[in-house]
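Me: I would like to learn how to read a few features of a protein fold, one at a time. Please give me the general idea first and then the case at hand.

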Amino acid sequence: MGLHGVKAVFFDLDNTLIDTAAAGRHAIEEVLPFALTRAPRTLQVISALQSKHRYGEGEARAICDKVQAKLLKECHDPAKMCITDLRISHWEEAIQETIGGEANRDLAAECYYLWKTTRLQHLTLAEDTRAMLTELRKGLRLLLLTNGDRQTQREKIEACACQPYFDAIVVGGEQKEEKPAPSIFHYCCDLLGVQPAECVMVGDSLDTDIQGGLNAGLKATVWLNKAMTAPVDTSPIPHYIISSVLDLPAVLQKMEHNINAKLGTDHMASSNE
């Protein structure tokens, strides 16, 4: 697929190409007692939560709910603490807040590593997404642009094996600034040897992906809104909205049609002059 004026597409990773939110939910469930029969691997952790530490199912669920809430509010400064220590602390705090008593770092670490391992196992790049990327790459340069901690994001990228589908991969945690700063988008353009006005950004976050693409002066932004619900705030406004990343080729074709139509109009105007 070759497009007039569009040479590259930047893709967000989490909840755009891979369903990180669902993987996280699956991982949390595997730390709960009722997941035991479906995941024998969790015996050690469940035993620790229920038998050794006499935690009931309700307490175990409360601990997991607290961890989930801490993850959603997480603010990580790699200069102060590594992501592993921070997330073990989430579990340690959740256990102590639920059960009371002294902090249990060993059990917290056990739960964290189970959660992390399970989440990575659930991170997959769907076959139809792989096919779409393969087809797009025949005529366009593709780049993966993801915010987040270097270690965490690189582990996700490795887990879903998406490297072969991209000409370059950029992790925000490895750069001076992350999305929505224009600098990281311009860095991506330099990597691919393209201009901002030749690039399209695709992602699920209005605040980082869409605002960042607009800040950097990209040709177009495509917002992945799976629920297709209108945002409370109307700003920023993406150029296009899709409910599935698989709808992207149709958007690119629409862009090409619009560009061709404009070129035709401009040519007619020039001829009339």
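Me: How many disulfides does the count come to?

Reply: This is a predicted model, in which local features need pLDDT of at least 70 and side-chain atom pairs count only at pLDDT 80 or more, while totals for chains, interfaces and linings use all residues. Residues are numbered from 1 along each chain as its sequence is written, and side-chain values use heavy atoms, with hydrogens and water left out. A disulfide is a pair of cysteine sulfur atoms within 2.5 Å, and by this rule the count comes to zero. C188 is in no disulfide, the nearest cysteine sulfur, that of C189, being 7.0 Å away; C199 is likewise in none, with the sulfur of C189 as its nearest, at 3.9 Å.

Me: Is C188 buried or exposed?

Reply: Buried means under 20% relative accessible area, exposed over 50%, and partly exposed in between, with a 1.4 Å probe and protein chains only. C188 has a relative accessible area of 0% and is therefore buried, and C199, also at 0%, is buried. Over the protein, buried residues make up 47% of the 273 residues.

Me: In what order do the strands of the sheet stand?

Reply: Helices (H or I, at least four residues) and strands (E, at least two) are DSSP runs, numbered from the N terminus, and two strands pair if DSSP finds at least two bridges between them. The protein has 10 helices and six strands. Six strands form an open sheet with parallel pairing, in the order β3-β2-β1-β4-β5-β6. At the edges stand β3 (168–171) and β6 (240–242), each with a single partner strand, so one side of each has no neighbour in the sheet. β1 (residues 8–11) and β2 (residues 141–146) pair in the parallel sense over four bridges, and A8 stands opposite R141 in β2.

Me: Which helix packs on the sheet, touching β2 and β3?

Reply: Contact means heavy atoms within 4.5 Å; axes are lines fitted to C-alpha atoms, for helices over the stretch in contact, and angles run from 0 to 180 degrees between N-to-C directions. Helix α7 (residues 150–160) packs on the sheet and touches β2 and β3, its direction making about 145° with that of β3.

Me: Which residues of the largest nonpolar core touch the most other members?

Reply: A nonpolar core is a set of buried Ala, Val, Leu, Ile, Met, Phe, Trp, Tyr and Cys residues joined through side-chain atoms within 4.5 Å. Of the 35 residues in the largest one, V9, F11, L144, F166, V200 and L248 touch the most other members. The largest share of this core, four residues, comes from helix α10 (residues 248–272). Leaving aside residues up to four places away in sequence, F166 touches F11, L17, L133, R137, L142, L143 and L144. Apart from this core lies another, of 18 residues, among them I28, C64, V67 and L71.

Me: What span should helix α5 have?

Reply: The expected span of a helix is 1.5 Å times one less than its number of residues. The 18 residues of α5 (residues 105–122) should therefore span 26 Å, and its end C-alpha atoms are 26 Å apart, which agrees. Among the buried residues of α5 are L107, Y112, W115 and K116.

Me: Where is the place of M228?

Reply: M228 lies in the loop between β5 (220–224) and β6, and because its relative accessibility is 46%, M228 counts as partly exposed. M228 touches I241, I242 and S243, not counting residues up to four places away in sequence.
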